[in-house]
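The following exercises are to be worked with the sequence and the model at hand. Each task is followed by a stepwise solution.

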Amino acid sequence: MKTNNLGYPRIGSNRELKKANELYWAGKITAEELLATGSAIRTQNWKLQAENGIDLIPSNDFSLYDQVLDLTLTLGAIPERYYEFSRTNNSLDLYFAMARGAQKNGQDVVAMEMTKWFDTNYHYIVPEFTKNQKFELFSTKVIAEFIEAKNLGIITKPVLIGPVSYLLLGKEKEEGFNRIDLIHNLLPVYFEILKKLEEEGATYIQLDEPFLALNLTNKEREAITYVYNEINANFPNLKVVLANYFDCFGENIETALALPVDTLHLDLVRCPLQLDDILDSEKLAGNVNLSLGVVDGRNIWKNDFKKSLALIEKAVTALGENRILVAPSCSLIHSPCDLDLETNDQTLTPEIKQWLAFAKQKIQEIALLKSFATNEQQAETSLRFIENTVANENRKTSKLIHNEGVKNRVASITAGDDQRQNAFAIRRKSQTEVLKLPLFPTTTIGSFPQTAEVRSWRAKFKSGQLTQQQYDDLLQKETEETIRFQEESGIDVLVHGEFERNDMVEYFGEQLDGFTFTKNGWVQSYGSRCVKPPVIYGDVSRPTPMTVKWAEFAQSLTPKWVKGMLTGPVTILQWSFVRNDQPRSETCTQIALAIRDEVVDLEKAGIKIIQIDEPAIREGLPLRKEEWANYLDWAIKAFRISASGVADDTQIHTHMCYSEFNDIIQNIADMDADVITIECSRSQMELLDAFADFKYPNEIGPGVYDIHSPRVPSNEEMVHLLKKASSVIPADQLWVNPDCGLKTRHWDETKKALIEMVNAAKKMRVAVEDIAIV
């Protein structure tokens, strides 16, 4: 029996990579210093896994920004717009320009599109393909990192996204072809990589094909079969670990079982029942090994050794020890690094801490499970096994978890609780009369730049160096300056800037019962963006108002409307580590009722426009279509519960970003938000087509510039995008806004971009008025 890890967090235990990246982008460290930070993190990760008994240690799971972008550069699939930039800049700056866009030495290139990695909050950079796409070995990162580990005395298992999944992760950028047809152009470059790895001494290679968990077409399944038969024919001595995760194989199971691979990885956290199907199948080849993903790679709860050992023992009974590998369900990049860093009992109580395991602890759990399963240690007498059993039993019976008042309120929900008083057409008339907004009204998504100074105030307040009054005075000054800037720049609907908030989910979790927090539980969301998800351990309720104070203060400063800013129930659920002892739908409904209370209180305080952000609605969609209806039923209902306690003339906004909407456009309409703002700039308004084809009835704000890029878009660029938008959506339904919050940007670029955005809206108003006169 072996232990097998699919991937390890790459940000560093103290977010060293984030800090180094941002210093490099700011020109404060050299490329060599950035790369040295990456090397130090990799070395630490490899040694930690080796010391803790992992047999198959991954390499190439490290990335400076994104693993899909790494592969795009490796394969030379560089979009044409970067060719000139690549001639005058090094490959590292080319890499970051593809990820973030760049304005440098008179060159101006926009970033590649970014979207969610399956149903996670991780964002990847979307490959772009043309009809006659050529591939070549452009970067040898995967080989270099294998050699780097080998020089440390560690023979790793290089990890690559499989060829079929890589193509399916991308988009066709011209008509007349299917990206899966590029497989014959792509495969020779994979062969070149595999050949070099084999020559360097690699014996195992992990190829991730997570699309095997989705509903594939026959053509796509045939491509899978073709690829792995070709790899086996050309590399018969290379042991391929084929990894699928996040769900079952479903109807792809026969295809997967017939593949000539050494090892098939199964996610037994998301889909434990598939083990029986596979073990009972007569089609499992007699020499194929199974990697059992029994340790949850996406959540932070301690493994239940009894349950995991039962699955392992079932597989051992059927196949024998030698054909079994013990593994996490997926890569551990979705987990925080190390629970040992949580040393503050006030942040995370000892009782709750005993229920948790981060990436380092999950590695230890994997090694212990192998030890118990192979009788290297007698489970029942092992102190670690006893501790595990006690912790899991304690969690089941803890008084911290259950609140009967919350449970009774959920049980008492009526059919009317998720319905506004009247349909949108009637509400719109009331809102038009009260709000009196111009055509193409301008707004932002909510947050404004949080400078180092603002963050330092929060740190000083938390450490006791600032009193509550001193802290509030500083935040009030920053808020007022932000309101004045918005007034002066001509923005129509203002926001208070959210300077009191650390994170759009963490901020609310800190004020809700049933949540707790870590001090160092960081995970990567995209690039250098790290988040510290709250831990939902018990029943959720809202003891007191959470945002009313700051919304009221901001509204008191201006005669213009100020939006109340909230995070929606599905997004709070998705972007937290969620309790796994009850259905997610139950937890989501509890959060929805808490947000509803806040919405009602904002309205009572005179806030007439309230935004309930739900960027994670699409992200939470199950991978398999047959499971969509159930999820969408409770997710959309949760949003409607949160939004439906107000009068017709209170305008409810929602925001979504970095997702494909075509498949669920009816469900988005069913949310019945008065205004929806979406990310559209990176796709050049392509995402708007779904709303146009559907004839989306409510108002919509397509993002006109990309806030994840440091570049400042021109006025002409935004006017061009607005013209594209108004060609498919009636002008009187359109809002003008950035594509996401501005928290991570700098003030200088933010001010310039927003002034250009307002001017673009003014130009559009004139253009529409001229057309009306004609």
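**Exercise 1: The surroundings of a helix**

The elements that cover the buried residues of α3 include α5 (91-100), β6 (123-125), α6 (141-150), β8 (157-161), α7 (163-169) and α8 (183-199). The model is predicted, with pLDDT of at least 70 required for local features and 80 or more for side-chain atom pairs, while totals for chains, interfaces and linings use all residues. Residues are numbered from 1 along each chain, and side-chain values use heavy atoms, without hydrogens and water.

Task: State how many residues of α3 (67-74) are buried, and describe the start of the helix.

Solution. 
1. At the helix start, a side-chain oxygen of D66 comes within 3.3 Å of the backbone nitrogen of V68.
2. G76, which follows α3, has a positive phi near 70°.

**Exercise 2: A buried glutamate**

Task: Determine which side chain of opposite charge is nearest to E342, and which backbone nitrogen its side chain reaches.

Solution. 
1. E342 lies in the loop between β14 (324-328) and α13 (350-353).
2. E342 is buried and has no salt bridge, a term for a side-chain nitrogen of Lys or Arg within 4 Å of a carboxyl oxygen of Asp or Glu.
3. The nearest side chain of opposite charge is K353, 7.0 Å away.
4. The side chain of E342 instead reaches the backbone nitrogen of N520 at 2.7 Å.

Notes
Helices (H or I, at least four residues) and strands (E, at least two) are DSSP runs, numbered from the N terminus. Buried means under 20% relative accessible area, exposed over 50%, partly exposed in between (1.4 Å probe, protein chains only). Lys and Arg count as positive and Asp and Glu as negative; His and the chain ends are not counted. A polar contact is a pair of N or O atoms within 3.5 Å; within protein, one must be able to donate a hydrogen and the other to accept it, and residues adjacent in sequence count only if both atoms are side-chain atoms. Contact means heavy atoms within 4.5 Å.
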